[in-house]
Every structure is written in C-alpha cells, then in structure tokens.
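Dear colleague,

Here is the structure I said I would pass on. My notes on one helix and its surroundings follow.

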Amino acid sequence: MNPVNPHNRPAKWYLEKISDVGTTWAVPIEPFPFSIGRGSECDLTLRSKWISRRHAQIHLSGDMLWLRDLGSTNGTLHNQKRVKETEVLEIGDHLYFGDHEFVIRSGDFVKTALADETVAFDPLEDQVGSLIYKPHLEKLLQNRTVIPHFQPIVQFPDNTVVGYEILGRIAKNGLPESATELFDVAAQLGQAVQLSTLFREEGIRLGKGLAGKPELFVNTHPAEMYQMDILEKSLGAMRQMVPTMSIVLEINEKAVTDPGQIEHLRSIVASLDLELAYDDFGVGQTRLVELAELPPDYLKFDMSIIRNIHIAPKRLHQIVLTFIKTARDLGIKTLAEGIECQEECDTCQELGFEYAQGYLFGRPAAFPDIVPPVQAS
C-alpha cells in the first residue's frame with residue numbers, strides 16, 4: 001500500500017501499519033466514509049483471504065472518528081475487542097481487520113515519523129499561484145456576476161419549508177467553481193470580504209422575490225469579523241432591500257472566540273432586527289458554558305455530525321442530546337444540516353431537532369427554479 005496522500009495535503013488522521021519486515025507505512029484516512037476491504041473499490045484494499053470484500057468503514061462526525069463493521073466474515077477488532085456495531089476511535093487505538101493490525105495516528109505524528117517523505121501542498125495556498133485568478137476575480141466583483149442559490153430549510157415534524165439558506169455560486173469564468181476554492185483564492189488576494197458581501201447582497205436582492213416571505217439565512221466569511229464596520233454597512237444595505245423579511249446571519253462556530261467581538265456583532269444584528277446563527281456547530285471548540293454566555297438564535301449542527309447519525313455510536317447521540325437540551329433551555333432553535341436520507345431525518349426528529357436542511361428536502365437551486373414553493377408555517 002502506498003502511503004502517499006491522494007489529496008496532496010497532510011491528512012488529520014492515518015492508519016499506521018508495521019509490516020512483517022519491519023517497514024512502517026501509513027494511509028491517510030480520507031475521504032469519509034473511509035472503506036476497508038478486499039475489493040479494489042475500497043479506499044484501503046487489503047489482499048487477504050481473511051478480509052471480506054467490504055470489511056469495515058471509518059466515519060467522521062464533527063471531530064469524532066468512529067468505526068463500523070460491515071458484517072465481515074472474520075470480524076473487526078478494536079483494541080482486541082470485537083466490534084459488534086460501532087465504536088468510537090481515539091488516537092493510538094489498535095484496529096484489526098482480519099489478519100492485519102493498524103494503529104490510529106494523528107497527522108502530526110505521521111509527519112514527524114515520516115519526516116523524510118515529500119509533502120505536496122495545494123497550489124491555491126501559494127500567493128503567486130493565486131495571482132493568475134486576479135483579473136477574473138476583479139471582473140466578477142465589478143460586474144456582480146454571481147448566481148446565488150437557495151436551499152430549503154424545513155421545520156419538523158411535518159417538513160414544512162419555512163426558509164432558505166443563500167449559497168454563493170458562479171458561472172464558468174476562469175475561476176474555481178467550488179465555493180471553498182473560490183474563497184481560498186479571494187482570501188489570498190485580499191478580496192474574501194468583498195466576495196462574501198457580494199454573495200449575500202445579491203442573494204437578498206433575488207430572495208425578496210420568493211413567495212411566502214420565507215426566512216432567509218445569509219452567510220459571512222471569518223475575515224468579516226475583523227472588519228465589522230464593512231459588515232455593518234453591508235447588513236444595513238441588506239435590511240433596506242427587505243425591510244420586513246426575516247433574516248438570519250450565519251457565522252462559523254470557530255469565529256466564536258472573542259466575547260467582545262460577538263457582543264458587538266449581536267448589538268448590530270439586534271439593531272437591524274436580524275437573528276444570529278452559529279453555523280457548522282460541533283466541529284469547533286464551543287463549550288456549553290460559552291454557548292450559555294453567547295447564545296445565538298439558531299444552532300446549526302454540522303453535516304459531519306448528522307451524516308449517518310442513524311448508525312452512529314450511542315455516545316455521539318448522547319453528546320448531541322446534551323447540546324440540544326442546553327439549547328432548548330436557552331431558547332435556541334436547533335437545526336440539523338446535511339440530511340440526505342429518511343433514516344437520518346427520523347433520528348434527528350427523535351433526538352429533538354426543530355429544523356433541518358439537506359438534499360432530502362431539496363438541493364440548492366437558482367432563482368426562480370426553486371421547488372417546492374414556501375408553505376405557510
């Protein structure tokens with residue numbers, strides 16, 4: 001097995017193996033779910049008669065790795081104990097797939113252990129590489145040629161569409177089409193704030209034409225937290241466009257680090273009659289005490305937690321339940337992101353989520369191709 005990372009960047013977790021001849025090699029655990037088996041379609045292929053074609057999978061929920069045996073003939077062991085359904089994984093755990101033994105390692109450990117390996121980085125992280133995109137980005141910002149998309153947000157238990165998240169998209173014009181890569185380029189060129197502002201304002205301009213006056217969720221870029229005057233001006237212009245529509249401003253959970261900064265933002269949001277949501281909740285460092293001190297109006301649980309939650313370990317369910325109960329006690333509305341199947345939907349309802357979002361309810365669509373229309377809540 002080749003230990004080279006197929007994504008050309010350091011991974012966060014690895015499976016390390018010591019071969020019979022004493023050679024160490026490590027495989028990056030990605031993408032998720034990460035499959036192990038004898039079949040060539042698996043992410044890690046192990047040629048052994050003791051390995052089933054599809055033997056096991058490693059999943060990621062927030063920052064938690066967990067292991068699932070796929071009904072293998074000879075079983076999967078976690079620290080010498082057979083896996084019956086699922087098990088939460090920790091750094092240093094020993095896993096046995098048939099006759100193969102592995103250790104869960106962190107990216108830092110592997111980088112140190114394999115210091116003689118050449119590590120390739122994403123060229124988008126290179127400032128010089130990003131300069132080729134500069135004229136295209138400047139043209140995009142000047143002509144405001146973005147294509148906002150709208151993804152429905154539903155309310156449990158009847159899945160009534162009550163709002164939409166506005167997502168940034170662009171046409172093919174020499175820039176990366178992926179929003180993540182596009183913002184990487186914009187950040188390298190010092191234009192991330194301008195790009196985020198453009199997506200938000202154009203989304204609201206179109207969103208005001210939606211039937212039923214749905215609640216509109218708009219995003220921010222982390223850099224905007226350090227240019228609050230520009231963000232306040234943008235939010236003010238947005239509110240002028242839609243004086244009566246309900247708007248929720250989303251900030252990434254990882255941005256909730258400076259209490260004074262968040263309090264300033266909350267005062268701006270309140271003055272404009274907006275609501276605040278912590279996005280991607282569960283993958284950052286927010287604790288219950290911080291949630292109580294700086295409560296938002298919405299808590300959007302990251303899709304990495306929701307994905308396959310119906311087969312996730314009970315320990316993960318208990319963690320989610322604790323945050324949902326705390327949110328409810330604080331008057332915070334909870335939303336599950338990334339629901340793709342009915343089983344995930346049913347489990348999220350059982351856990352007590354109030355709202356949901358994901359492909360099960362509708363993919364992001366450009367205006368006016370939004371289906372279904374907003375229903376009365």
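This is a predicted model, in which local features need pLDDT of at least 70 and side-chain atom pairs count only at pLDDT 80 or more, while totals for chains, interfaces and linings use all residues. Residues are numbered from 1 along each chain as its sequence is written, and side-chain values use heavy atoms, with hydrogens and water left out.

The buried residues of helix 6 are covered by elements including helix 5 (192–207), strand 14 (215–219), strand 15 (247–252) and helix 7 (259–271). Helices (H or I, at least four residues) and strands (E, at least two) are DSSP runs, numbered from the N terminus. Buried means under 20% relative accessible area, exposed over 50%, partly exposed in between (1.4 Å probe, protein chains only). Among the buried residues of helix 6 are Met-228, Leu-231 and Arg-239.

Helix 5 and helix 6 pack at about 10°, their axes 9 Å apart; axes are lines fitted to C-alpha atoms, for helices over the stretch in contact, and angles run from 0 to 180 degrees between N-to-C directions. The two helices are therefore roughly parallel (angles under 35 degrees; over 145 is roughly antiparallel, 65 to 115 roughly perpendicular, the rest oblique).

Leu-265 touches Met-228 and Leu-231, among others.

Regards

Technical notes
Contact means heavy atoms within 4.5 Å. Lists of a residue's contacts leave out its neighbours within four places in sequence.
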